[in-house]
Amino acid sequence: MNDQMRRSMPLFPISIVKQLTELSARQIRYYEEHNLIYPARTNGNQRLFSFNDVERLLEIKSFIEQGINISGVKQILEMKQQQQQIEVSQEAKQDITDKELRKHLKNELLMAGRNGRASIIQGQLSRFFH
């Protein structure tokens, strides 16, 4: 189980979250009503919060204490989420697949020693291609 999965596991009832964040149950429900947090629900409809939910509540609390209204908080959180999606998208574009890497290395092997290119790479790459 990776760290992201652990942080997303719904573990804490609202009573614990109230203590951790120093927010009232009403404030926490209000933020949920405004789609700022999405706690999981048990079969008995009890809210369960993850570490990520608690972090987000603390972030919301910080923004509110700075004088930002709920609409502004929504915009900030949406912009942060968009930025994260852009970063993930850029990382995905930068990753090269094994197939693409092998194709590139094979091309390097075939071109090694031609047109004045150094052929020392042949010894290194030849072990990948028979």
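## Helix H3 and its buried side

Let's start with helix H3, which spans residues 25–33 and has Ala-25, Ile-28, Tyr-31 and Glu-32 as its buried residues. These four cover an arc of only 130 degrees around the axis, which puts them on the same side of H3. In an α-helix there are 3.6 residues a turn, so residues three or four places apart point the same way. Bear in mind that this is a predicted model.

After H3 comes Asn-35, with a positive phi near 55 degrees.

## The nonpolar core

The largest nonpolar core holds 15 residues, and Tyr-31 and Leu-57 have the most contacts inside it. Two or more residues come from each of H3, helix H4 (51–65) and helix H5 (70–94). H4 gives the most, with 4 residues.

What does Tyr-31 touch, apart from its neighbours within four places in sequence? Its contacts are Leu-23, Leu-36, Ile-37, Leu-57, Ile-60, Ile-64 and Ile-70.

## A closer look at helix H4

H4 has 15 residues and reaches 21 Å from its first C-alpha to its last, close to the 21 Å expected at 1.5 Å a residue. Its buried residues are Asp-53, Val-54, Leu-57, Ile-60, Lys-61 and Phe-63.

The two ends are worth a visit too. At the N-terminal end, Ser-50 caps H4, with a side-chain oxygen 3.3 Å from the backbone nitrogen of Asn-52. H4 is followed by Gly-67, whose phi is positive, near 95 degrees.

## Salt bridges

Side chains of opposite charge can pair when their charged atoms come close. How many salt bridges does a search of the whole structure find? The search finds 6. One of them joins Glu-22 and Lys-61, whose closest N and O atoms are 3.4 Å apart. Glu-22 lies in the loop between helix H2 (14–21) and H3, while Lys-61 is in H4, so this pair ties together parts that are 39 residues apart in sequence. Glu-22 counts as exposed, at 64% relative accessibility, whereas Lys-61 is buried, at 16%.

Lys-80 and Glu-59 also meet in a salt bridge, at 2.1 Å from N to O. Lys-80 belongs to H5 and Glu-59 to H4, so the pair links parts that are 21 residues apart in sequence. Both residues count as partly exposed: Lys-80 at 36% relative accessibility and Glu-59 at 22%. Elsewhere, salt bridges that share partners join Glu-32, Arg-41 and Arg-47 into one network. Glu-32 is buried, at 16% relative accessibility, and Arg-41 is partly exposed, at 37%.

Notes. Residues numbered from 1 in each chain as written. Predicted model: local features only at pLDDT ≥ 70, side-chain atom pairs only at ≥ 80, totals over all residues. Heavy atoms only, no water. Buried < 20%, exposed > 50% of the residue type's maximum accessible area, 1.4 Å probe, protein only. Arc of directions from axis to C-beta. Core = buried A, V, L, I, M, F, W, Y, C linked by side-chain atoms within 4.5 Å. Contact = heavy atoms within 4.5 Å. Expected span 1.5 Å × (residues − 1). Polar contact = N/O pair within 3.5 Å; in protein donor to acceptor, adjacent residues only side chain to side chain. Salt bridge = Lys/Arg side-chain N within 4 Å of Asp/Glu carboxyl O.
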